[in-house]
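Dear colleague,

Please find below the sequence and structure that I am handing over to you. A short account of what was found follows.

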Amino acid sequence: MAIQRLLVVDDDDDMRSMMTQYLRKSGYMGMAAATGRDVKAHLEKGRFDLALSDVMLCDENGVQICANLRNKHAGTIILVSAL
């Protein structure tokens, strides 16, 4: 099964935009979220195949978001960090 819908979670506007644009140019449906609230809104709209989440965010950390996603979503989650 090919990955088609990807969610990028990063509170850095430039990084989030760069990653989302790259995914879209590569033929994927790239969606963006800056906060845990944004992630929840995307989940209400539908599922995604893969989530790429920064570990350090302004309102929640990526580990908390990962735990919340696991409760509602069975897709793949990759945590990324500059650390």
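The crossing of helices α2 and α3 is right-handed. Please note that the model is a predicted one. Helix α2 covers residues 36–45 and helix α3 covers residues 62–72. Their axes lie 11 Å apart and meet at an angle of about 15 degrees. Angles under 35 degrees count as roughly parallel, and α2 and α3 are therefore roughly parallel to each other.

On the side of α2, the contact is made by Gly36, Val39 and Leu43, while α3 contributes Ile65, Leu69 and Lys72.

One cavity of 30 Å³ or more was counted, and the largest cavity has a volume of about 70 Å³. Which residues line the largest cavity? Its lining consists of Gly36, Val39, Lys40, Leu43, Glu60, Ile65, Asn68, Leu69 and Lys72. The elements giving two or more residues to this lining are α2 and α3. The lining residues divide into four nonpolar, two polar and three charged.

With kind regards

Terms used. Residues numbered from 1 in each chain as written. Predicted model: local features only at pLDDT ≥ 70, side-chain atom pairs only at ≥ 80, totals over all residues. Heavy atoms only, no water. Axes fitted to C-alpha atoms, helices over the stretch in contact; angles between N-to-C directions. Helix = DSSP H or I, 4+ residues; strand = E, 2+ residues; numbered from the N terminus. Parallel < 35°, antiparallel > 145°, perpendicular 65-115°, else oblique. Left-handed = near helix turned anticlockwise from the far one by under 90°. Contact = heavy atoms within 4.5 Å. 1 Å grid on protein atoms, 1.4 Å probe; cavity = no way out; pocket = protein on both sides within 12 Å on 5 of 7 lines; lining within 4 Å. Points joined across faces, edges and corners; volume = space filled by probe spheres on them. Nonpolar A, V, L, I, M, F, W, Y, C, P; charged D, E, K, R; others polar.
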